[in-house]
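Hi everyone, thanks for coming. I'd like to walk you through one model today, starting with its pocket and then moving on to its sheet.

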Amino acid sequence: MRHFEFTVDRAYAKSVNQTFADMRRLQVSAIVVALLFAAAAAGLILLAHPWSIILGVVVAIAALTSVWVAFWVPKKVGSIEELYAKSPLVPAVVSEVHPRAVTLLSLIDVAKPSAGRASYALVTRNVPIRTGQNQRVGDRVPSVALLNDRSTHNDADTWEMVSPMPIAWGTRDATVRSRAEDAIDQVEWDFLQSRIPESEHIRTSPDQRVAVSEHDLPEGLR
């Protein structure tokens, strides 16, 4: 598993990193739901009927669960520095340009360490275009692969949740991004370029990823 070390610009990353923007949205949603449940629980308990008190307690527990989710999410995800440090370096390219976003196409080994062998997939992720950003199809976007499971009880050999996170979301330094690009083998960049026409198909697939047959992989990745 290939890793890439660099100094994360925390302030910059917090302002542009969409992974953490998604996390903040989830936290806000959890807090809003908790407040709604709390208000409903209070109303039910104040009715003072046996059934309403029981239902109010159940709704109150749901409110506490939502609060727990809001605080648990940051611990589950980890810090920006931790994510970049523990996640493998992978190639990604701009495969589609939309009015307000671009699609990234990435080649990621989705196998868990316990699998014993690699299992590559082509993975897409839509990311918003920032003001002043001018990207074209084929542009290289060195990234790290975020790998996780929806459930802690998943015994499958591959990760359920897989997504590229650009190095550019962690630093303004162009030399760092260039160094990350050079750390990825040319054969991987060439392979991704050849699969750009498949981007829409992959993006519209259920998991936004498609497994790559071993026979289709470049010789160096088999």
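So, the largest pocket: it holds about 980 Å³ of space. By pocket I mean an open set of points, on a 1 Å grid over the protein atoms alone, where a 1.4 Å probe fits and protein lies on both sides within 12 Å along at least five of seven lines; lining residues have an atom within 4 Å of a point. The volume is the space filled by probe spheres set on the points, which are joined across faces, edges and corners. Of the 34 lining residues, Leu 146, Leu 147, Asn 148, Met 161 and Ser 163 are the closest to the pocket's centre.

Keep in mind that this is a predicted model, where local features need pLDDT of at least 70 and side-chain atom pairs count only at pLDDT 80 or more, while totals for chains, interfaces and linings use all residues. Residues are numbered from 1 along each chain as its sequence is written, and side-chain values use heavy atoms, with hydrogens and water left out.

Which elements each supply at least two residues of that lining? They are helix 2 (18-47), helix 3 (50-77), helix 4 (80-86), strand 4 (120-128), strand 5 (143-148) and strand 6 (161-166). Helices here are DSSP runs of H or I with at least four residues, strands are runs of E with at least two, and both are numbered from the N terminus. Altogether the protein has seven helices and seven strands.

Four strands form an open sheet in the order 2-3-4-7, with antiparallel pairing; two strands pair if DSSP finds at least two bridges between them. Its edges are strand 2 (92-97) and strand 7 (209-211), each pairing on one side only. Strand 2 is joined to strand 3 (residues 101-109) by five bridges, and Ala 92 stands opposite Ser 106 in strand 3.

Let's follow the chain beyond strand 3. Ala 118 sits in the loop between strand 3 and strand 4. Is Ala 118 buried, exposed or partly exposed? Partly exposed, because its relative accessibility is 39%; buried means under 20% relative accessible area and exposed over 50%, with a 1.4 Å probe and protein chains only. Leaving aside neighbours within four places in sequence, Ala 118 is in contact (heavy atoms within 4.5 Å) with Asp 109 and Ala 111. Ala 118 and Arg 222 are 104 residues apart in sequence, with 8.3 Å from C-alpha to C-alpha.

Over the whole protein, 42% of the 222 residues are buried. Happy to take questions!
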